[in-house]
Amino acid sequence: MAYELLEHIHGPADLKALTEDQLPDLAQEVRQAICDQVSRSGGHLAPNLGVVELTLALHRVFDFGPPPEVAPATPEANAQARPGDRLLFDVGHQCYPHKLLTGRLPLLDKLRQKGGMSGFPSPDESPYDLFAVGHAGTAISTAVGMARADALRAQAADATPPRVVSLVGDASIVNGVALEGLNNAGTLHRQFLVVLNDNGMSIAKPQGAMASHFDRLRVSDRYAGIKNRGRRVLEHIPGGSFLHGLYHRGSEMLKALILSEHLFEHFGLICVGPVDGHDLPSLISILEEIKDIPRPVLLHVKTIKGKGFDFAEGDACAFHSPKPFQINGCRVDVQPSGRSFTSAYTDAMKALMRDDQDVFAVTAAMPDGTGLAEVMADFPERTLDTGICESHAMDMCAGMAKSGVKPFFAVYSTFAQRALDQVFQEVALQGLPVRVCMDRGGYVGGDGAVHHGFMDISMLRPLPGAVQLAAADEPTLAAALRFMADHDAGPTFLRYPRDVVAPKPVWDQAPTFELGRAALAYCTTRDCPESADAAPAPAFAKPDLAILAYGPLLYAAIDAAHALEQDGRGVAVYDARFAQPVDADLFEALARQDIALLTVEDHAVAGGFGAAVLEALHECGAPTRRLARMGHPARWVGPDSRKNQLADAGLSAQGIADRARTLLESDPVGDAAEPDGLREPIGAV
């Protein structure tokens, strides 16, 4: 589709060259371009549709971008010059309009794909993106840092520092780090603007007292009557005629200036608004008026999430980050993609909560993303969405566990990182049985590096008494949750990916999880028993290789075993299940029989499951020379399909088979004695 205006926008200068009458048409083209592409590739739709006018106004008024390449020649000119103004995003998934206005339309057709436009700000992609951000709550603090540094450098150069703007949205203002940033921002003695995009939503409906405060602010009768009183006041003050003229475009700003009751004034900020975030002329006028105020200012902007498309406005949660979809008249059909681990978690949690009245499910602003939305509908008294505050949610779960309830905290792996201190002090140190269910473990596909769950194992493994386990498929996910519900000796952490479950699982009903025990999932037909009870230990004649798979890569490992079988190799594949504690007895027995060991995980190699196996073998004095580890390489991985990301890391069936061949060929199996201590693993098939 041709975009008559947008195709000629290569940067903010082109936007500034347009007439004011052209801006609404540009806004519509931006919306249409985003919707067209997200319908094909998936991505964040509703949050970006809601900030189109706001982003246009910001780029129209401010001079965002890199500093000038050539410094002015005279001191006088240098005093007037400034590097590009700073724009920092707090919720990175609201950056699509910003990217299109900074010349990245050619990248849009590969949105969230390799070589295309990232779904989050990316400094590698453009100098207009200052930080790669995917976690909420950070922009105000980083902006305060830039504001202080810019002021210091400008003073030394006798220059004017760049303006600094933080765009905060989707209810991330309630995040603790955001409030800490606001507290410090109020001490600045220079220009500093926080734009609070209040769309009445986060990813789901916002929760908590602050959200209620904003609701009251938007509908207050007292505020509704300010306009008329404001006009009467303006008639009797010096300069009132000028302000009255501005009133028609900036009445929302003026009413806030006249009646100062905003919560954030207590942080030392001048508070303006709420203003209509879709009234483009008024937004531009207001921003022009406040852009150079030499004090911290908070502009409260009211927007509609999903603005411009009825289906997105009507269900902003569903269209926050939809899969590809097709618009068929009044109906919108989302393309099916198979049964996901998240859907499997939904059903398993509902079954668990029906059986155990002590189970309580918690999420932090992600009921849809974590699969808890349906659970909350069925069990409203035993579920809670805390809003965007993972640290609080973790501590709250600690308090619930202390009082005898069984809290299950559903959270993305990457967001669990935000509660590490709480996991350490209030959960693990106390030995409390908080159950943490980490969706999006491993590579996540199009969201890229900001959302990859690549460090949860290494982050949590040092905690004494903590248990880490992984689900390989739907049956093991259900079995893992039941193990967690019954385990009360400390915290448990379950990980599973953003992926579809195996359509044909190894087990229709997975063997019961036993602490620190692996399960034999596959073995080539070299005297392997048909079941766990088919033969006494040793369970099978010695294979050439044992693949220890942690999580869903079990299925790629089994496919690799089939390929290796064609090479004449005997292979056993284990569902490792636990990264803490690992099945040290089994792995030691394998290693002592000179069986090559290959660990496979969708996680960083450093500190991961393979490292735990290596450490366990070292501690018991077992040989480690024939152990190889596979996992994420030590580099940042950008947007692409999850399948491609795994393949690039060698974590496909072919990659695993190739690595196994290298391991076996580099150090052939010796003439070791037959096993004498190889106990039978649980669940052998």
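Which residue in E9 is the bridge partner of Ala 361? In this predicted model, the partner is Thr 383, and the two strands concerned, strand E8 (residues 359-363) and E9, run parallel and are joined by three bridges.

These strands belong to an open sheet of seven strands, whose order is E9-E8-E10-E11-E13-E12-E17 and whose pairing is mixed. Strand E9 (383-385) and E17 form the edges, each of them pairing on one side only, and from one strand to the next the twist averages 20°. Helix H17 (residues 390-402) packs on this sheet, where H17 touches E8, E9, strand E10 (406-412) and strand E11 (435-439), and the direction of H17 makes about 165° with that of E10.

Elsewhere, two helices meet: the axes of helix H15 (residues 341-355) and helix H21 (residues 474-486) come within 9 Å and cross at roughly 40°, and H15 and H21 are therefore oblique to each other. H15 passes H21 in a right-handed crossing. Among the residues making the contact are Phe 341, Tyr 345 and Asp 355 of H15, together with Glu 474, Leu 477 and Arg 482 of H21, and the contact residues divide into 11 nonpolar, no polar and three charged.

Just after H24, Gly 621 takes a positive phi of about 80°.

Definitions and conventions. Residues are numbered from 1 along each chain as its sequence is written. This is a predicted model: local features need pLDDT of at least 70, side-chain atom pairs count only at pLDDT 80 or more; totals for chains, interfaces and linings use all residues. Side-chain values use heavy atoms; hydrogens and water are left out. Helices (H or I, at least four residues) and strands (E, at least two) are DSSP runs, numbered from the N terminus. Two strands pair if DSSP finds at least two bridges between them. Axes are lines fitted to C-alpha atoms, for helices over the stretch in contact, and angles run from 0 to 180 degrees between N-to-C directions. Contact means heavy atoms within 4.5 Å. Angles under 35 degrees count as roughly parallel, over 145 as roughly antiparallel, 65 to 115 as roughly perpendicular and the rest as oblique. A crossing is left-handed if the near helix is turned anticlockwise from the far one by less than a right angle, and right-handed if clockwise. Ala, Val, Leu, Ile, Met, Phe, Trp, Tyr, Cys and Pro count as nonpolar, Asp, Glu, Lys and Arg as charged, and the others, Gly among them, as polar.
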